[in-house]
Amino acid sequence: MIILKKNQMNFMLLGVVVIFSFLFLVILGRFLYIQATGEVHNVDLVKYGENMRETEEVVPAERGLIYDRSGMVLADNQPVYNMYAILDESYTGDSSSPLHVKDVDRTASELASVLDAKQAEIKEILSNGVEENRYQTEFGQIGKGLSEKTYEEIKSLDLPGIYFNESLDRYYPNGLYASQVIGYTGYGGENNNQITGVYGIERRYNEELTGQNGYVNYQQDSYGDPIRNADKNVQAPEDGNNLHLTIDQKIQSFLEDALTTVENEYDPERIMAGVMDPDTGEVLAMSNRPTFNPNKRENIENWYNDMISSPFEPGSTMKIFTVASAMEAGVYNGQATYESGEFKINEQGRSIHDHDVDGWGTITFDEGVLRSSNVAMAELLWNYMGPDTYMDYLEAFHFDRKTGIDINGERIGRISYGGPWEQITTAYGQGSTFTPMQIMKAATSFANGGKMVKPYVVSHITDSETGDKVKETEREVVGQPISEDTTEQMKDLLGRVVTAEEGTAGAFELNQYSSFGKTGTASIPDPETGLYMKGGGNYVFSYIGMAPKDDPELMMYVAVKQPDVEYRYQGSETTSFIYNTVMENSLNYLDVTPDQENVDQTKKQSLNDVTGQSTDEAVATLEEKGLNVEVIGSGEQIKSMWPAENTEVVASQRVLLQTNGELTMPDMTGWTLRDALAFGRLNDLELDYIGTGFVQKQNIKPGATFESNQKLVLELSDTSGEADQENQDNDEEE
């Protein structure tokens, strides 16, 4: 019996050995098979392991920059940081110091001292993550888009478990400067994490500005750290192209400052203004009020670039196209007369009235234009041209279509031309609606012998790496609604609108430059009643003008809607301040030679070249001609001069002579901006200034030595230098 049991146990033991041996052989065979083939269930383990270890990081491409015409950056990229916290203790591993958030209270307290957030809010985020056993957690808006300064402050706290992802964000160094032209970006793309243009130039040229992201492939360990000496596969990003705008930083600054002044003083509903080179169509400045800071985009009152997106009834600025059409049609006789005050198609028709309802009696059509007579326009349209002919010219001036300017958001108005009343009111700027840019585009024909050019704001596009041009915008003539003869007649007639006693634009006469232009005072429909509003500043006051008159260098349009003025005639205070300030300063800045007609042409003389002469000889020569000579430096020989040789100058004009000696700063009190800018260019100074008019203060004291590339800051005032100017005027009279 005992022997039987022993045999049974031996048999069972043998069976166990056999079973385990079999299992061992199966497992061993499986290992050998896996080792030999590297596969499990047709899965390549080598590749599977590599995939588990391999990770890919996107290397973001930089969005192309946006520059103004002088090379100043208008849209840039800056690093921002998104903060997150590692909560899992396993991340610390064998590290001698903690790599995860170990002390929630301390972490929350320290972060709250730097971030714009309460300690309790940060603590709740961390505590919730710990309770839910999260490996890591993010901080929402609290930890997004942190600046480099904030990032450095948090890093200096040396908080365990706090980490950052770096990315690029769009940044606009000049804030509200041309913001409704440049626009701004948001986030889009496949994962909603790519900077994408959503407004303005940023949107219109998004494809050109957006680059191609790169990537880095590498292998990582279980902690997510790169494995040393492992191969890396790197694909470099291709940055986006750069845009170079036609916007000029100085002219844009003149415009922004003038608009802000009027906004603060008169609190208008809207202001819109633009400056253009009428010969090429290049937009040199454009701005609106209200505006916004694209870096913040908080409490935005106006999402539109009103210059291109807000059609309205323009008022009397439209009359310049009515008169030009009549001239071109051969039916305008400036000396022919009509009865001002009231116009009717027939006895049963409604009356058209002049702004002076009693009129000025029987006057010529030229005088009607000077006085901005509605009746004159009605007569020209109905009794001379005819509505069909005028409509042909409206289409020739492209009032029936968009301008094609390269900014997103352009809209067009509507030509209301259904019956006689609408046809007549369109002739003097009521009923039909147009954008300021449509008016500016049509008006380019007055500067180009009748040829109309297309407006644009992007001068060229360059490769961000090589700097080579990949695209360039060229001047584009898009029509010729009028002849050169008509343009010359219009320049003369609109010049008298500015200078004649009867003209409505006397407030827009420039000090140093001849000009021509036309005012507008447009009624505003009441959205509730449909009737036009009355009284005070319930109008859109506007002006379009060009200077110098014979060969315009600049064209400007400005409109101010519902300023806080008591009487209608005060509305031109707002528009004339903006126009005069911007145009006078801009023409000076561009070094356009003054041509004001009140300068006695017989007193003009050609300037001789005195470079290379001795200082004493040069000064004596120029002073004999009655010129105001300013010697810069203590040298005995003239190195350079301004104005240049052969320039026409008048007696008492300031001439700058730079010597070969040590440079000393003159007393610039009373200098014009034009002279000051010339001084800066002559001496390679970085010149900046505030205000308008004549120099009042300077940061480098008179008599002090200075060097090239030094910064000179000037403060200008409209009253400063009056005595100096009076002396110059007296010299001219003598």
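**Exercise 1. What follows helix 20, and is helix 20 enclosed or open?**

Step 1: Start at the residue after the helix. Helix 20 is followed by aspartate 684, whose phi is positive, near 55°. Helices here are DSSP runs of H or I with at least four residues, strands are E runs of at least two, and both are numbered from the N terminus.

Step 2: Note the ground rules. This is a predicted model in which local features need pLDDT of at least 70 and side-chain atom pairs count only at pLDDT 80 or more, while totals for chains, interfaces and linings use all residues. Residues are numbered from 1 along each chain as its sequence is written, and side-chain values use heavy atoms, with hydrogens and water left out.

Step 3: Look at burial. Buried means under 20% relative accessible area, exposed over 50%, and partly exposed in between (1.4 Å probe, protein chains only). Nine of the 10 residues of helix 20 (residues 673–682) are buried, so helix 20 is largely enclosed by the rest of the structure. Among the buried ones are Arg674, Asp675 and Phe679.

**Exercise 2. Where do the cis peptide bonds from alanine 547 to proline 548 and from tryptophan 642 to proline 643 lie?**

Step 1: The bond from alanine 547 to proline 548 has omega near -15°. Proline 548 belongs to the loop between strand 24 (539–547) and strand 25 (554–561).

Step 2: For the bond from tryptophan 642 to proline 643, omega is near 0°. Proline 643 is placed in the loop between strand 28 (638–642) and strand 29 (648–649).

**Exercise 3. Which residues does glutamate 476 touch, beyond its neighbours within four places in sequence?**

Step 1: Find glutamate 476 in the loop between strand 21 (469–472) and strand 22 (477–479).

Step 2: List its partners. With contact meaning heavy atoms within 4.5 Å, they are Met452, Val453 and Lys454.

Step 3: Glutamate 476 is partly exposed, at 39% relative accessible area.
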